[in-house]
Amino acid sequence: MTGEQMWRDFAAARGLPEDTPYEAWAFGGDPDKLAALVLDGVKTATASAYPMYALEKEPLPEAGEYSVILDSREQAVCVVFTEDVSVVPFREIGPEHARREGEGDLSLAYWRDVHGRFFKADMAASGLVFDEDMPVVCERFRLVWPEEGGRHA
């Protein structure tokens with residue numbers, strides 16, 4: 001199912017206007033595994049390198065926005081609703097955010113290791129340099145589709 005198809009199903013089921021804005025995107029690193037964590041209710045947050053938004057001329061996510069999460073084949077997996085967005089230096093990310101990301105052993109040490117390596121590689125590929133003072137966009141969200149009890153993807 002495409003992101004557009006899932007969005008139409010979700011919007012119709014929730015009675016949202018057809019022109020309600022949404023984004024469709026996949027997680028970096030391992031999109032399939034991370035999307036599955038969202039479906040399982042384990043992953044309720046994500047983080048991205050702030051400098052990449054300016055480089056790609058993309059607006060930052062905002063609380064109150066919807067997103068269709070895609071897998072590695074660009075097929076829709078679920079819809080999330082962004083509850084909170086903050087920008088925090090990498091070194092100041094705390095254990096609560098690491099736990100909400102739902103990856104590995106849920107520890108801050110694991111989060112810093114995996115995200116540090118990902119950010120270094122991602123930014124280097126774009127000609128940027130990662131350091132621990134780099135601002136990170138921390139997004140907290142909740143799964144809103146499929147509704148509990150059934151997968152629509």
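Visitor: Okay, helices (H or I, at least four residues) and strands (E, at least two) are DSSP runs, numbered from the N terminus. What kind of model is this?

Guide: It's a predicted model, where local features need pLDDT of at least 70, side-chain atom pairs count only at pLDDT 80 or more, and totals for chains, interfaces and linings use all residues. Residues are numbered from 1 along each chain as its sequence is written, and side-chain values use heavy atoms, leaving out hydrogens and water.

Visitor: Where's glutamate 56?

Guide: In the loop between helix H3 (50–55) and strand S3 (66–70).

Visitor: Why does glutamate 56 count as partly exposed?

Guide: Because its relative accessibility is 49%; buried means under 20% relative accessible area, exposed over 50%, partly exposed in between (1.4 Å probe, protein chains only).

Visitor: And histidine 97, buried or exposed?

Guide: Buried, because its relative accessibility is 13%. You'll find histidine 97 in helix H4 (residues 95–101).

Visitor: What is histidine 97 in contact with?

Guide: Setting aside neighbours within four places in sequence, Ala45, Thr46, Ala47, Trp111, Cys138 and Glu139. Contact means heavy atoms within 4.5 Å.

Visitor: Switching to helix H2: which residues are buried?

Guide: In H2 (residues 31–39), they're Pro31, Leu34, Ala35, Leu37, Val38 and Leu39. Their cover includes strand S1 (22–26), S3, strand S4 (76–89) and strand S5 (135–145). Just after H2, glycine 41 has a positive phi of about 80°.

Visitor: How far is valine 144 from glutamate 132?

Guide: Their C-alpha atoms are separated by 33 Å, with the two residues twelve apart along the chain.
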